[in-house]
Amino acid sequence: MKAPTFPLLLTGFVIWSGAFLLLYGAQATGCHLGWHEMQIGPTSALRLLLAAMLVATLALIGGLLLYAKKTLEEPVTDEAKLLRKIAAMLQVAALVATLITYGGVFWLTLC
């Protein structure tokens, strides 16, 4: 199966930006509705929701990274192989950006 190279270049940061909208939209909604005051075990419902969204985002981008690395094994031209290496590096960058940007949901105040 030939994997398309161009979408692999974009998908990591497209997912990152979509997660940005979803996470901060959920955070604003949760603060407005009082989810930060509802306790589920040792943490609030809002923090649990945001952590779950962060883990789902990391899993999605991580899956794309594994897929991008798998496509490196396909026989393609040198240009396509270079683009696929760049795509894999962009997925790593998107993973790191996700951790840096959204990691604060674990320790920062929510509202």
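This is a predicted model: local features need pLDDT of at least 70, side-chain atom pairs count only at pLDDT 80 or more; totals for chains, interfaces and linings use all residues.

Q: OK, how far apart are the end C-alpha atoms of helix α1?
A: They are 43 Å apart. That agrees with the 42 Å that its 29 residues, 5–33, should span at 1.5 Å a residue, because the expected span is 1.5 Å times one less than the number of residues. Helices here are DSSP runs (H or I, at least four residues), numbered from the N terminus.

Q: Where does α1 bend?
A: At threonine 11, by about 35°. The bend is the angle between axes fitted to the seven residues ending there and the seven starting there.

Q: And which residues of α1 are buried?
A: Thr5, Leu8, Leu9, Gly12, Ile15, Ala19, Leu23, Ala26 and Gly30. Buried means under 20% relative accessible area, with a 1.4 Å probe and protein chains only. What covers them includes α2 (45–71) and α3.

Q: Switching to threonine 98, where is that?
A: In helix α3, residues 78–102. Threonine 98 counts as buried because its relative accessibility is 0%.

Q: What does threonine 98 touch?
A: Leaving out residues up to four places away in sequence, threonine 98 touches Trp16, Leu54, Thr57, Leu58, Ile61 and Gly103. Contact means heavy atoms within 4.5 Å.

Q: So what about glycine 103, buried or exposed?
A: Buried, because glycine 103 has 6% relative accessibility.

Q: New topic: how much space lies in the largest pocket?
A: About 160 Å³. A pocket is an open set of points on a 1 Å grid over the protein atoms alone, where a 1.4 Å probe fits, with protein on both sides within 12 Å along at least five of seven lines. The volume is the space filled by probe spheres set on the points.

Q: Which helix gives the largest share of the lining?
A: α1, with three residues. Lining residues have an atom within 4 Å of a point, and among them are Leu23, Tyr24, Gln27 and Leu50.

Key: Residues are numbered from 1 along each chain as its sequence is written. Side-chain values use heavy atoms; hydrogens and water are left out. Helices (H or I, at least four residues) and strands (E, at least two) are DSSP runs, numbered from the N terminus. Buried means under 20% relative accessible area, exposed over 50%, partly exposed in between (1.4 Å probe, protein chains only).
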